[in-house]
Amino acid sequence: MSAAVMVDIRGVHKSFGPHEVLRGVDLQVRTGDVTVVIGPSGSGKSTLLRGINHLEKLDRGSVSIDGELVGYRRRGDKLYELKEREVLRRRTRIGFVFQDFNLFPHLTVLENITEAPVSVLRRPRAAALTRAEELLDRVGLADKARAYPRQLSGGQQQRVAIARALALDPRVLLFDEPTSALDPELVGEVLDVIKDVARTGTTMIVVTHEIGFAREVADTVVFMDDGVIVEQGPPAEVLDRPRQARTRAFLSKVL
C-alpha cells in the first residue's frame with residue numbers, strides 16, 4: 001500500500017445550532033486505500049463525508065485532497081472560502097454516491113452519466129458517451145442506457161449513480177450509506193459493484209452499516225461516535241479485537 005496521503009482531514013469541527021456534530025476529527029486516508037466508517041446514527045459520519053467535498057461548510061479545520069485544500073485557499077494562517085466556480089472545479093476530483101441516488105429524473109441513464117463530464121469538465125460529448133457506455137457495461141447495465149431512473153429498481157439506480165461518479169475519474173470516491181435505501185434483496189448487487197471498484201485501487205471512503213462488507217474490503221475501519229473518531233485500524237483489530245468499550249458496545253448490537 002502506498003504511504004502517500006490522498007485525503008488529509010485536520011481538526012474538523014461542525015455544529016448545527018447548539019449541536020456540535022463533529023468535534024475535532026483528524027483522519028488520513030492513503031492513496032488507493034479503502035476506509036470504511038461505521039458507527040451509530042447521529043455520530044457525524046455523513047456530515048464528515050459532506051464536509052470532505054464542501055457540501056457542508058466546516059466551522060473549523062481543513063480538508064485536503066492530494067495536497068490541495070477543498071473549498072478554501074490559505075493565506076498565512078487563515079483560510080478563505082473560494083468562489084463557487086473554483087469550489088465546483090475542485091469538487092470534480094471527489095466522486096460522491098448518495099444514499100438516495102440523486103439521479104436527474106428527466107434525463108436518461110446515459111445523460112445522467114455524461115452531464116457532468118460535458119458541462120463541468122468540458123469533455124467532448126462523443127468521448128463522454130463512449131466512457132459512459134463503458135461504465136454502464138462495467139456495472140452491468142449496458143442495456144439500460146436509454147431508460148429513465150423511474151424505470152429502474154433502487155439497486156439499478158444506485159449502480160447508475162456509481163457509474164456517474166466514476167465518469168469524472170475522481171481521485172477519491174465517497175459513499176454515504178449506499179445501500180440503506182435499498183430493499184434487502186438488492187443490497188448485494190450494489191456491494192458487488194463497490195467491491196469491484198475497490199479492486200481497481202480507487203481511494204474510497206465508505207460510510208455503511210454493512211459490517212461484513214467492511215471486514216472484506218476495508219484497509220482501515222473507523223468507528224465514530226458522538227462526533228469523534230473513537231477507534232481506527234485494520235478490520236481484524238477494530239471489528240474482532242476492539243480496544244474501546246464504546247466500539248465493543250456498538251458491535252455487540254450489530255454483529
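Two strands count as paired if DSSP finds at least two bridges between them, and strands themselves are DSSP runs of type E with at least two residues, while helices are runs of type H or I with at least four residues, each kind being numbered from the N terminus. This structure is a predicted model, in which local features need pLDDT of at least 70 and side-chain atom pairs count only at pLDDT 80 or more, whereas totals for chains, interfaces and linings use all residues. Residues are numbered from 1 along each chain as its sequence is written, and side-chain values use heavy atoms, with hydrogens and water left out.

**The four-stranded sheet**

With paired strands defined, one can turn to an open sheet of four strands, which runs in the order S2-S1-S4-S5 with antiparallel pairing. Its edges are strand S2 (19-30) and strand S5 (68-69), each of which pairs on one side only. Within this sheet, strand S1 (residues 5-16) meets strand S4 (residues 60-65) over five bridges, and His13 stands opposite Arg60 in S4.

**The six-stranded sheet**

Another open sheet has six strands in the order S8-S9-S10-S3-S11-S12, and here the pairing is mixed. Strand S8 (94-97) and strand S12 (228-233) are the edge strands, each pairing on one side only. Neighbouring strands of this sheet are turned by 20 degrees against each other on average, direction ignored; such angles run from 0 to 180 degrees between N-to-C directions of axes, which are lines fitted to C-alpha atoms, for helices over the stretch in contact. Helix H5 (residues 154-166) packs on the sheet and touches S8 and strand S9 (172-176), its direction making about 175 degrees with that of S8, where contact means heavy atoms within 4.5 Å.

| Strands | Bridges | Residues between strands | Turn residue and phi |
|---|---|---|---|
| S6 (residues 72-75) and S7 (residues 78-81) | four bridges | two residues | Gly76, about 65 degrees |
| S11 (residues 220-225) and S12 | five bridges | two residues | Asp226, about 55 degrees |

**The largest pocket**

About 580 Å³ of space lies in the largest pocket. A pocket is an open set of points on a 1 Å grid over the protein atoms alone, where a 1.4 Å probe fits and protein lies on both sides within 12 Å along at least five of seven lines, and lining residues have an atom within 4 Å of a point. Grid points are joined across faces, edges and corners, and the volume is the space filled by probe spheres set on the points. Of the 20 residues in the lining, Arg91, Phe98, Ala116, Arg164 and Leu168 lie nearest the centre of the pocket. Helix H2 (84-91), S8, helix H3 (109-119) and H5 each supply at least two lining residues, and H3 gives the most, with four residues.
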